[in-house]
Amino acid sequence: MKFLIVEDEEGLRKSIDQYLTAEGNICDSASNYDQGYQKLSIYDYDCILLDLTLPDGEGLQLLKHLKKINKADGVLIISARNSLDQKIEGLSLGADDYLIKPFHLSELYARVLAIVRRRNFNGNSIIQFNELEIDTVSKETKVNGQLVYLTRKESDLLLYFVSNKNKVISKNAAVEHIWGDEADMAYSFNFIYTHIKNLRKKLTDVGCKDYFHSVYGIGYKFTEA
Amino acid sequence: MKLFSSYNRILSIITLSGLLIIGFLFYQTLGQYINKQIDDHLYEELLEVQDFAHVKNILPSPDGFYDVVVKYKKINSLSDPRRSFADTNFYNPKKKHTESARYLRTQLVLDGQSYEITIMASKFERQEQIKSIILIILLPVLALLLVLWLVNRFLIKRMWLPFRQLLANIKAFNINQEKVFEPIHTNIEEFKELNKAVLDVSLKAKSDYREVKLFTENASHEMMTPLAVINSKLDTMLQSNTLGKEESEILNDLYKATSKLTKLNQSLLLLVKIDNNQLQDKTEINLKTLLQEKLAYFQEFIQERNLEVKTEMAEFSFYANQSLMEVLVNNLLSNTIRHNYDGGSIQITLMPDCLICSNTSTHGPLDPVKIFERFYKDSASDGTGLGLAILKQVCLRQNYELSYSYQQQQHHFKIIFNGQESKT
């Protein structure tokens, strides 16, 4: 897949670039409004990661421009402002999702993939990983064609891990993905452990290979090896 | 003491004592004047007696006098021929009661016999005159004073009216609210000055407050991007294949600190947002449903700590901002879970217009004022210390009444939803 990162903060841009490229994607980056304007005018991307506050312009203007030239690129807004108005404005201008800084790269990638999936007009909502099959629309999970009953949180978690396969996901990121803002509660790390334990059991019970690997108590990795 | 009472007290002390002194002096002067008149009269009578004695060589009969009483007394020798005037009392046989009187006593010699002559005149009528005169003068003066006092009272009340209005406006002024200080209209120079001073101070306070808020908002926002960088770098480091146990622990701590900092920043921003009244669009909220949703949301936390949840919820819907109500319920519930002990209990009581969240805790009663202050938390808590401050701010903004109490080993947080049209 091909992505454009429009972000003026170099450190953040590099990290995102690195994370996405490692997944086998191609990343273009723009550090200001002008660069962003040129790149999105010329090339087509699967998804554009758009920062709203740029040194020489408003990210929302780029979004308007994109819609004006009738491009169907997916857009994920990344903003430091957690303002409902801006969120609504961005989404109504045609952005697909709105992510508030700071975020985990795994969260970012999961969202980007979701956007690309939704944008995929073939209607292919199924994610396949070996014997595992997840329907992102109906939220059904099948192992070798056999339906596995998962709770909403468990299936969310599974999708999150599958989206970020081969990556280490910190417990922190997983907790925030599930509980959002209220993730700061003590014990929340225990729940991730419990959820993953249950998830593993449910999957292996129907003959799925155990793809979850614990990484030094800091997080988990969903990988074949 | 009110200014008017204080002023009045001084004024009445001065008036009364002045009136007393003047009255006393007046009475004295009048009395002396009247005494002098009587003395003149007595002297004239004495002259008549002397003339009579001189011409007829006998003393006139005591019965022959009109309005004075004359007495003769034989004495052995002439001891003190001087005339002496003095006050006395005598029994008036006609009126049959004792009256005060004035007498003149002197001695004279007639045919070699010394006599002491006492001529006495009643002061009764004169005294009555004095009384009338004093009454005639005093009563109008008293009436005048009363009128003056009333006029004063009325005038002062009217003159202080702008001051009262000013005071009410100052009291109504809230730095937190959009409404600016309302100046009053008056022609009195002093009040105009006071008005202007208060207006200036209020505007200054408002602008300072706005600046502080703006600063908090901007600072918090500016911090979000570096935080995002830190977070993304941590995520990148996490992918490294050379990560050992020690590095993992360090990473873990870094994650925790970053996440806490983020949470803190978000809470500060939320506070500013509530302060700025940015969350205004209201929808109908069913509080019972919202509470049930949030309880389900916190389900794992409740189960993990083995908490017993008792609910007693009536239907209650009202108009409010969805996000604010979510924040309110979230903070209340997470507070009851966070500060509980394992195996403790939570009691949620929802009545129309009133929500009470109670929880058991290892802590005894808390300071009902301090707990709502920003960054007030016990050392064991790993929260931001802003949860209750946010709760308070939400309630303050919506005019809900938030109170804390400690009863039967339980902490109770009570919110009364004032001025809501219940829709149950």
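Me: What makes K294(B) count as lying over the face of Y297(B)?
Reply: K294(B) is 5.1 Å from the ring centre of Y297(B). The rule wants NZ of Lys or CZ of Arg within 6 Å of the ring centre and within 35 degrees of the ring normal. K167(A) is another case, with its charged end 4.1 Å from the centre of the ring of Y19(A). Bear in mind that this is a predicted model, where local features need pLDDT of at least 70, side-chain atom pairs count only at pLDDT 80 or more, and totals for chains, interfaces and linings use all residues. Also, residues are numbered from 1 along each chain as its sequence is written, chains are lettered from A and ligands numbered from 1 in the order in which they are written, and side-chain values use heavy atoms, leaving out hydrogens and water.

Me: Why is the pair F316(B) and F318(B) called stacked?
Reply: Rings of Phe, Tyr and Trp (its six-membered ring) pair if their centres lie within 6.5 Å; planes under 30 degrees apart are stacked, over 60 edge-to-face, and the rest tilted. F316(B) and F318(B) have ring centres 4.8 Å apart and planes at 15°, so they are stacked. F318(B) also pairs with F417(B), at 4.9 Å centre to centre and 45° between the planes, and that one is tilted. Over all chains there are 22 aromatic pairs.

Me: How do you know whether F318(B) is buried or exposed?
Reply: Buried means under 20% relative accessible area, exposed over 50%, and partly exposed in between (1.4 Å probe, protein chains only). F318(B) has 0%, so it is buried. F417(B), at 1%, is buried by that rule too, and F316(B) has 0%, so it is buried as well.

Me: What makes E107(A) and R111(A) a salt bridge?
Reply: Their side chains meet at 3.1 Å, N to O, and the rule asks for a side-chain nitrogen of Lys or Arg within 4 Å of a carboxyl oxygen of Asp or Glu. They are four residues apart in helix α5 (residues 105-119) of chain A, about one helical turn. E107(A) is buried at 12%, and R111(A) is partly exposed at 24%.

Me: What about D200(B) and K196(B): how far apart are they, N to O?
Reply: They meet at 3.3 Å, which makes a salt bridge. Both lie in helix α4 of chain B, four residues apart. At 39%, D200(B) is partly exposed, but K196(B), at 53%, is exposed.

Me: Which residue forms a salt bridge with E315(B)?
Reply: That's K288(B), at 3.6 Å, N to O. E315(B) is in the loop between β6 and β7 of chain B, and K288(B) is in helix α6, 27 residues apart. E315(B) is partly exposed, at 42%.

Notes
Helices (H or I, at least four residues) and strands (E, at least two) are DSSP runs, numbered from the N terminus.
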